[in-house]
Amino acid sequence: MAFQLPPLPYAKDAFGEIISAETFDYHHGKHHNAYVVKANELVAANPEFQGKSLVDLIKLTARSGPKGLFNQVGQIWNHSFYWLGLSPVKKEPTGELLALINEGFGSVDGLIDKLKTEAVGHFASGWAALNLKDGKLEVTSYHDADTPVAHGAAPLLILDVWEHAYYIDYKNLRPSYAEAILRNAIDWDFVAQNLDGNGLSRADQPG
């Protein structure tokens, strides 16, 4: 089997001005797809990596390389998880997730401000993330193709802060992109679902 570009769970034009269809054409259709194509080429050339899932390959190559394959499979997982965490319909946290947010950040606004600060302050390319650690919420970030998969984290949400995620719609204004996504386009039901600790598997693929 080979890794596949997962379909988007919504229409490309569903987000209006928040994320344009053109951005999805490039970000999902070209960038994400390019990682899938390259990963399949690298796996096909190395029998030791064949038959392993996306998560297994990330964990293996994070420890011992090759770095080139780690970059591709890390980016596949990160992008797949990012798409799942978006919603074209505005949602709000509820239940256990809301309680954890209030405990850790005082309010939903407090969490969003923290995530935005992490995303905007992250130097160069990478990802801002919300993880569950020891029963509490933790905001962090990852450089380039690094991923929570490589660090044994329990991921709840990830936000792409590579320029290709926002440049068509927001030019160089990463703060505007982070603000728009975090306040209007997060699938908080998906975030809450990942409190079960199985977030890694939701963007995994068999290899």
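The model is predicted, so local features need pLDDT of at least 70 and side-chain atom pairs count only at pLDDT 80 or more, while totals for chains, interfaces and linings use all residues. Residues are numbered from 1 along each chain as its sequence is written, and side-chain values use heavy atoms, with hydrogens and water left out.

**Sheet**
- The open sheet has three strands in the order β2-β1-β3, with antiparallel pairing; strands are DSSP runs of E with at least two residues, numbered from the N terminus, and two strands pair if DSSP finds at least two bridges between them.
- β2 (136-143) and β3 (154-160) stand at the edges with a single partner strand each, so one side of each has no neighbour in the sheet.
- β1 (residues 126-133) pairs with β2 over eight bridges, and Gly126 has His143 in β2 as its bridge partner.

**Helices α5 and α7**
- Helix α5 (residues 108-121) packs against helix α7 (residues 174-184) at an angle of about 145 degrees, with the axes 10 Å apart; helices are DSSP runs of H or I with at least four residues, and axes are lines fitted to C-alpha atoms over the stretch in contact, with angles from 0 to 180 degrees between N-to-C directions.
- Residues in contact (heavy atoms within 4.5 Å) include Ile112 and Leu115 in α5, and Ala178 and Leu182 in α7.

**Ser201**
- Ser201 lies in helix α9 (residues 199-202).
- At 47% relative accessibility, Ser201 is partly exposed, a class between buried (under 20%) and exposed (over 50%), with a 1.4 Å probe and protein chains only.
- Phe81 is 120 residues from Ser201 in sequence and 9.6 Å away in space, C-alpha to C-alpha.
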